[in-house]
Amino acid sequence: MITLDQIKSFCSTDPIRFKLAEPFNLEEWTYATDGRIIVRIKRGLETLQTAKEANINPLSAYNGVFTDWFKLPAFEVEPEPVPPEPKRTICNECDGTGDCDCYCPKCDGECEECGGEGEITDLGPKPPPYPIGIIKGTVFNLRFIQKIQRLGEMEWSLGEKGMMAFRNEDCEGRIMAMESKVLNERPAVTLI
Ligand SMILES: [Zn+2]
Ligand SMILES: [Zn+2]
């Protein structure tokens, strides 16, 4: 049985899409989406909002004809790296004084690098790009596929326009493919 916490992991973390940060209900279904994946489970769970309150009509995502259902082989991808806590470090430009000593007439005397604070926020190294995989010639983010598979064993079907459907006895959903040009940027695993 899929729990609310599990379905919540498909919600948006984008502050612009704050209404999609929580699952929502429409009729007997409970939905979660981030705009790239949508999943719904057949028994309604108690959610904080309805589809109307989330300002979304999720039904349009469920159009499309899907035939030829298939299973995906098991695969492993590296877990998503936990972003490091941002660190405050002394500004190298002004050695932590926050001052600018350029004596340029236009200068306000504040270090440009740190805005006069003497410290900068170090976000750490950039995380590696997420793993990609090819499913019947179409490219997908494997982290998403793995996340869906954790909901239980799924059947999959590719539709038009790079949309892939997934379903089991408890839930069904859709995931959008990635543009195939990412294949020029990094290697991909062919799943099927
Ligand atoms: Zn500085
Ligand atoms: Zn200056």
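Reader: Against which strands do the buried residues of α3 pack?

Author: The model is a predicted one, in which local features need pLDDT of at least 70, side-chain atom pairs count only at pLDDT 80 or more, and totals for chains, interfaces and linings use all residues. Residues are numbered from 1 along each chain as its sequence is written, and chains are lettered from A and ligands numbered from 1 in the order in which they are written. The buried residues of α3 pack against β7, β8, β10, β11 and β12. Contact here requires C-beta atoms, placed from the backbone, to lie within 7 Å. The element names denote DSSP runs numbered from the N terminus: helices are H or I runs of at least four residues, and strands are E runs of at least two.

Reader: Which residues of α3 are buried, and why are they said to line one face of the helix?

Author: Leu142, Ile145 and Ile148 are buried. A residue is buried if 20 or more other C-beta atoms lie within 10 Å of its own, exposed if 12 or fewer, and partly exposed in between. Viewed down the axis of α3, the buried residues fall within an arc of 120°, so they line one face. The arc is that of the directions from the helix axis to the C-beta atoms. In general, an α-helix has 3.6 residues a turn, so residues three or four places apart point the same way.

Reader: What makes Val139 partly exposed?

Author: Val139, which is found in strand β8, has 18 other C-beta atoms within 10 Å, and is therefore partly exposed. Val139 touches residues including Ile132, Ile134, Ala177 and Leu183, where residues up to four places away in sequence are not counted. Val139 and Ala177 are 38 residues apart in sequence, yet 5.7 Å apart in space, C-alpha to C-alpha.

Reader: How do you know that β7 and β8 pair?

Author: Two strands pair if DSSP finds at least two bridges between them. β7 and β8 are joined over 4 bridges, in the antiparallel sense, and Ile135 stands opposite Thr138 in β8. The sheet concerned is open, with 3 strands in the order β8-β7-β12 and mixed pairing.

Reader: Why are β8 and β12 called edge strands?

Author: β8 (138-141) and β12 (188-190) each have a single partner strand, so one side of each is left without a neighbour in the sheet. The twist averages 35° from one strand to the next. α3 packs on this sheet, touching β7, β8 and β12, and its direction makes about 70° with that of β8. Such angles run from 0 to 180 degrees between N-to-C directions, the axes being lines fitted to C-alpha atoms, for helices over the stretch in contact.

Reader: What is the strand order of the sheet with 7 strands, and which strands stand at its edges?

Author: The order is β4-β1-β2-β3-β11-β10-β9, in an open sheet of mixed pairing. β4 (49-50) and β9 (155-158) stand at the edges, because each has a single partner strand. Within this sheet, β2 and β3 pair in the antiparallel sense over 4 bridges.

Reader: Which members of the largest nonpolar core touch the most other members?

Author: Val39, Phe140, Met164 and Phe166 do so, among 27 residues. Such a core is a set of buried Ala, Val, Leu, Ile, Met, Phe, Trp, Tyr and Cys residues joined through C-beta atoms within 7 Å. Its largest share, 4 residues, comes from β3.

How values were computed:
Contact = placed C-beta atoms within 7 Å.
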